Amino acid sequence: MADAKPMSIPADPSVRLGKSMGPNGPEEEAEMKKVPFKEAVGSLSFAAQVTRPDISFAVNAVSQFAGVSSELVGFSDADWGGDPDNRRSTTGYVFTMQGGAVSWNVKKQLTVALSSCEAEYMALSRTIQEAMW
């Protein structure tokens, strides 16, 4: 390491971001709503994944503050007897967080459902298994 050359990095490692650095009061909060923060973070995230891996740490640090709510939202659906050959239904689910899909799956059910209600219950069961995982 004696012959190593120092390099600049895209983020100052001594800066620690926190919620206390956010807007203070309704006036600052209203002003911040005009700034396309999520869009900027999304663009930087794409750049970090495709061409600039050196900015990944900095993008990750600021992306923690991109969304007010980080709740996981899941959707589930099934078609009843959608396969005309064996009459098996198809299960589909997607989980999103802050508007982006984080987990999804579409798969033919293992058994034939005798009703649309049963097909939906089988789909929901698979969706809940994924949610628990």
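pLDDT is the predictor's confidence in each residue, from 0 to 100. Across the protein the mean pLDDT is 87, and 98% of the residues reach 70 or more. Helices (H or I, at least four residues) and strands (E, at least two) are DSSP runs, numbered from the N terminus.

This is a predicted model: local features need pLDDT of at least 70, side-chain atom pairs count only at pLDDT 80 or more, and totals for chains, interfaces and linings use all residues. Residues are numbered from 1 along each chain as its sequence is written, and side-chain values use heavy atoms, without hydrogens and water.

Buried means under 20% relative accessible area, exposed over 50%, and partly exposed in between (1.4 Å probe, protein chains only).

| Residue | Relative accessible area | Class |
|---|---|---|
| Thr 127 | 6% | buried |
| Asp 79 | 31% | partly exposed |
| Val 15 | 43% | partly exposed |
| Arg 87 | 46% | partly exposed |

**Thr 127.** This residue sits in helix α4. A polar atom of its side chain lies 2.8 Å from the backbone oxygen of Ala 123. That is a polar contact (N or O atoms within 3.5 Å; within protein, one must be able to donate a hydrogen and the other to accept it, and residues adjacent in sequence count only if both atoms are side-chain atoms). Leaving out residues up to four places away in sequence, Thr 127 touches Phe 75, Ser 76, Tyr 93 and Phe 95. Contact here means heavy atoms within 4.5 Å.

**Asp 79.** Strand β1 holds Asp 79. Its side chain reaches the backbone nitrogen of Thr 90 at 2.6 Å. Not counting residues up to four places away in sequence, Asp 79 touches Ser 89, Thr 90 and Ala 119. Ser 43 is 36 residues from Asp 79 in sequence and 36 Å from Asp 79 in space, C-alpha to C-alpha.

**Arg 87.** The loop between β1 (72-79) and β2 (90-97) contains Arg 87. Its phi is near 60°, a positive value in a residue other than glycine. Most residues other than glycine have a negative phi.

**Val 15.** This residue lies in the segment before α1 (26-32). With Leu 17, Met 21 and Phe 65, Val 15 forms a nonpolar patch on the surface; together they have about 350 Å² of accessible area.

Methods:
Patches are made of residues with over 30% relative accessible area and no salt bridge: like charges are joined within 9 Å, nonpolar side chains (Val, Leu, Ile, Met, Phe, Trp, Tyr) within 5 Å. Accessible areas come from the Shrake-Rupley method with a 1.4 Å probe; for residues, only the protein chains shown count as cover. A salt bridge is a side-chain nitrogen of Lys or Arg within 4 Å of a carboxyl oxygen of Asp or Glu.
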